[in-house]
Each structure stands twice: as structure tokens, then as C-alpha cells.
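Hi everyone, thanks for coming. Let me put the structure up on the screen, and then we'll walk through it together.

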Amino acid sequence: MRFMVLVKADKSSEAGALPDEKILTEMGKFNEELAKAGVMLAAEGLHASSKGARVKFDGKKRTVTDGPFAETKELIAGFWLWQVKSKEEAIEWLKRAPFDQTEVEIRQVFEWEDFGPALTPEIRATEDRIRADVKMAAKPR
Amino acid sequence: MRFMMLMIPKGYEKAAPGAMPEAKAVATMMKYNESLQKAGVLLALDGLHPPSMGVRVSFSGGKPKVTDGPFTEAKEVLGGYWMIQVKSKEEAIEWAKRCPGSDNEVVEVRQVMEFSDFPADVQEEAGKFPEMQAQFGQRRGS
């Protein structure tokens with residue numbers, strides 16, 4: 001099972017502050033453990049929402065709003081993608097993360113098997129083609 | 001530059017465990033996914049099960065506390081994401097505008113941090129990270 005682990009933004013990440021050396025060292029060690037255990041599939045940090053934008057949909061109309069998005073408490077600062085055997089295993093890993101004061105969300109990723117018969121062979125074939133191509137493109141630059 | 005397009009479907013915070021998108025919605029979105037792929041901008045994409053099946057772990061003074069979903073106080077939650085490789089934020093926004101989003105949906109466009117965005121001393125500290133990312137790449141590619 002794959003899980004997405006969402007690290008929330010806070011005032012400091014939203015101010016564009018980069019993590020200090022202590023946090024980087026501790027997080028580096030944790031990431032290394034995840035990698036060695038074969039749990040880690042991806043890890044990324046996001047720039048502050050002030051550099052981002054939101055697109056709202058209304059029929060064919062699109063409304064673009066520039067960041068920051070101060071009104072939401074749910075902004076994301078970064079995420080991991082983990083491969084584990086259960087939700088419990090993901091929780092156990094997360095409990096060991098070197099966070100001091102924050103909230104992190106664990107969410108299961110949809111796999112094609114989850115859709116069952118609702119997924120027509122046509123959709124599945126298209127999706128397989130996209131994923132094969134994406135894997136090629138996902139090599140680090 | 002890499003950007004995340006974060007799909008935020010309003011109402012998903014209340015979705016029951018096991019809720020699935022409709023086949024028709026999946027088919028429409030698949031056409032969009034294919035257009036991203038054909039343009040060579042798509043790096044990764046995933047959908048997430050409802051938050052009612054997830055957990056939140058809050059850390060206070062380093063001590064973890066686990067709360068099961070749903071997260072009733074949340075006004076918005078993530079439904080899925082695309083990771084794209086484009087030349088500018090404007091290009092990322094153009095792609096987000098082409099998404100067949102519904103009236104209840106918002107797509108948030110956020111730039112992904114690259115190793116080169118960090119100052120030299122931080123890069124040194126996190127020296128092993130590109131190596132680790134290369135490993136994930138290989139695993140994903142295998």
C-alpha cells in the first residue's frame with residue numbers, strides 16, 4: 001500500500017524560511033532510515049504559497065488567485081510517498097519523525113485495484129500507458 | 001521547474017470511507033492526464049482515499065498524538081495531485097486552467113523545491129539527498 005504523508009505549512013515555511021542545520025541533519029537521518037527500509041518512494045518540499053496560485057472552476061470559467069493563501073489552515077509544505085504494508089506501519093514510521101511542533105496527515109493512495117469493475121479496460125489501458133511514460137520521466141534531474 | 005497541482009475537492013472532507021470517484025469523472029480526468037503526458041510535462045500523479053480513512057499525527061514538544069479521520073474541523077482537504085515539469089509558473093497555471101474541474105474543486109499550483117534552491121551550506125548538509133532521490137527514481141522505474 002502507498003501512503004502520502006502531508007506535512008503542513010506553518011508561519012516559518014510560509015515566510016520562506018529554509019530549515020536550519022539541526023532539522024536538516026535529523027530529517028536527513030530519518031530519510032535515510034526510510035530509504036534503507038525500502039519505505040521511501042518520494043520526498044519533496046514546496047515553496048511558500050506566496051509563490052503559488054489557485055485556480056477555481058465555474059463551468060467553463062476559470063478564476064486564478066495568486067498566493068499567499070493565509071485564510072486556510074490546511075496548506076502543505078511538503079510530502080513523502082511511502083510504501084508500507086498497512087496504515088499502522090505508516091503511523092509507526094511517522095511517530096519516529098523528528099518533528100517538534102506540527103501536524104502531519106497520512107492518506108492512502110488509490111491503486112487501480114481499488115476501483116474494481118468500475119474501471120473499464122479502455123480507461124485502464126490509457127492509465128497504464130500514462131504511468132509507464134511517467135515512470136520514465138520521473139528520473140531525477 | 002517542477003510544480004505540484006494539488007486538487008482540493010470541497011466536500012471531500014466529509015466523504016465516507018471507501019468513497020470512489022465515478023467512472024465518468026475518471027474517464028474525463030484521464031483525457032486530461034493523457035494531454036499532460038503527451039505534452040511531456042507529467043512526472044507523477046495520484047489520487048487519495050478520503051480523509052475519513054486517514055490519520056493525523058500532531059507533534060507537541062516532539063510527542064506524537066494520533067487522531068483518526070475524518071477531520072471535522074478541516075474546511076479543505078487534498079483529493080489528489082499532479083507533478084509537472086514546465087518552464088514557468090504561468091505555464092503551470094495554464095495547465096491547471098485546462099483541468100476539467102467541477103465547481104466544487106480548486107487546483108492549487110505550488111512550486112517544488114529543487115536541491116539547487118538551497119544555499120551552499122545547506123546543500124552540503126543534505127548532500128546525500130540527490131543520491132537518495134536517484135534511488136527512488138530507480139525503484140519507481142523498475
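So, chain A splits into two domains: domain 1 covers 2–109, and domain 2 covers 111–141. How far apart are the centres of those two domains of chain A? Going by C-alpha atoms, 24 Å separate them.

Keep in mind that this is a predicted model. Its scores are ipTM 0.89 and pTM 0.90. For chain B, the average pLDDT is 89, and 87% of the residues score at least 70. One stretch to be careful with is residues 138–142 of chain B, where pLDDT stays under 50. The model has 7 contacts beyond four places in sequence for that stretch.

Now, how do the two chains meet? Chain A puts 62 residues into the contact, and chain B puts in 66. On chain B's side, the top contributor is helix 4, residues 129–141, with 10 residues. If you sort that side of chain B by class, you get 36 nonpolar, 16 polar and 14 charged residues.

Let's go inside. The largest nonpolar core has 58 residues, and the ones touching the most other members are A:Val5, B:Met5 and B:Ile84. Which element gives this core its largest share? That's strand 1 of chain B, residues 2–9, with 6 residues.

Take A:Val5 as an example. Leaving out residues up to four places away in sequence, A:Val5 touches A:Phe79, A:Trp80, A:Trp82, A:Leu94, A:Val104 and A:Ile106.

Back to strand 1 of chain B, then. Why do we call this strand largely enclosed by the rest of the structure? Because 7 of its 8 residues are buried.

And look at the partners of strand 1 in chain B. It runs antiparallel to strand 5, residues 80–85, through 6 bridges. In that pairing, B:Phe3 has B:Ile84 as its bridge partner, and B:Ile84 is one of those core residues with the most contacts to other members. Strand 1 of chain B is also joined to strand 6 of chain B, residues 105–111, by 7 bridges, again antiparallel. There, B:Pro9 stands opposite B:Glu105.

That's my tour, so over to you.

Notes. Residues are numbered from 1 along each chain as its sequence is written. Chains are lettered from A and ligands numbered from 1 in the order in which they are written. This is a predicted model: local features need pLDDT of at least 70, side-chain atom pairs count only at pLDDT 80 or more; totals for chains, interfaces and linings use all residues. A nonpolar core is a set of buried Ala, Val, Leu, Ile, Met, Phe, Trp, Tyr and Cys residues joined through C-beta atoms within 7 Å. A residue is buried if 20 or more other C-beta atoms lie within 10 Å of its own, exposed if 12 or fewer, and partly exposed in between; C-beta atoms are placed from the backbone. Helices (H or I, at least four residues) and strands (E, at least two) are DSSP runs, numbered from the N terminus. Two residues are in contact if their C-beta atoms, placed from the backbone, lie within 7 Å. pLDDT is the predictor's confidence in each residue, from 0 to 100. Ala, Val, Leu, Ile, Met, Phe, Trp, Tyr, Cys and Pro count as nonpolar, Asp, Glu, Lys and Arg as charged, and the others, Gly among them, as polar. Domain bounds come from an automatic or database domain assignment. Two strands pair if DSSP finds at least two bridges between them.
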